Structure formats: structure tokens, C-alpha cells
Amino acid sequence: IIPSAVAKYMKRNATIRELIKYTHSDLLVDGDLPPMLWGMKVLIPKGINATSVEGATVTMADLWGKHVVMTYKPTDGSIDTPAHAYMFRARNWLTKTWREEKKASDFIETGVIQDEVITSNISGYLIEDVIA
């Protein structure tokens, strides 16, 4: 997982471009890094957080900062296969809809029962403050 701030730096870095320019024909496809880099799948999260007070000028901040996460994800997720993290879901998404005529409103309620668990401390790695 390479945050967008780090990915922008990597795209412009001459050393990185030199290392991959002859091995990746899809270098900088759509302005982003290639989907596979040094044998690892590249994910660039796009999540942002509105950090301003309601009603004030909108201020957006990157959720991921400048930390890169390297994690192992097996192709077949089973209980006996080690992985960095698993998402355990008790049931699929449930959606309920109903109408209340007194309020002249339609209501929609959704929910899911799940837990995200880091299952192994040796199959993932966090590289902090990759860029200054």
C-alpha cells in the first residue's frame, strides 16, 4: 500500500525510474505507478479526510500520510493459510427499508457484523515516514 504522496515522489524519482524503465512497459500508466512493482502488487489508496469544522472552508487531508505498508496476502484465504490480516464476517450486509407515513419519510438501515484482525506479526511490515 503506497499512499498517493509517496507514489507521487516515486514517480518523479530518477533512481526509481532508472531501475524500472526497461522492465515495466506499463510505467506510469494513467499517471500512476505500474500495478506490479518488483514482484509486488501496488495499491494506491485514494481516501481523504475532511479536517475542517462544519461550515468553514473545506480542508482535506490524506488518511495514509507518508507510511508504506507491505503485507502478505495469499491467493486463497483459508483458516490454515497464514496472512497478515483477515476480515471475519458473521453475515453479509443487511439492508432494511421501511416507510413512516406520519413523517412522510422512507428509512434505510444497513449493517454488517465483521471484525478486522491482524493475524500475524511477521507477514506485514510498516515503513514509517518514507518521504520527508
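This is a predicted model: local features need pLDDT of at least 70, side-chain atom pairs count only at pLDDT 80 or more; totals for chains, interfaces and linings use all residues.

Reader: Which residues of helix H1 are buried?

Author: An α-helix has 3.6 residues a turn, so residues three or four places apart point the same way. In H1 (residues 4-12), Val6, Ala7, Met10 and Lys11 are buried. Buried means under 20% relative accessible area, exposed over 50%, partly exposed in between (1.4 Å probe, protein chains only). Helices (H or I, at least four residues) and strands (E, at least two) are DSSP runs, numbered from the N terminus.

Reader: Why are these residues on the same side of H1?

Author: They cover an arc of only 140 degrees around the axis, taken from the directions from the helix axis to the C-beta atoms.

Reader: What do the buried residues of H1 pack against?

Author: Their partners are helix H2 (14-20), strand S1 (36-37) and strand S5 (68-71), where contact means heavy atoms within 4.5 Å.

Reader: How many aromatic pairs are there?

Author: A pair of aromatic rings is described by the distance of the centres and the angle of the planes. Rings of Phe, Tyr and Trp (its six-membered ring) pair if their centres lie within 6.5 Å; planes under 30 degrees apart count as stacked, over 60 as edge-to-face and the rest as tilted. The count here is two. Tyr86 and Phe88 are tilted, at 6.1 Å centre to centre and 45 degrees between the planes. Trp98 and Phe107 have centres 5.6 Å apart and planes at 10 degrees, so that pair is stacked.

Terms used
Residues are numbered from 1 along each chain as its sequence is written. Side-chain values use heavy atoms; hydrogens and water are left out.
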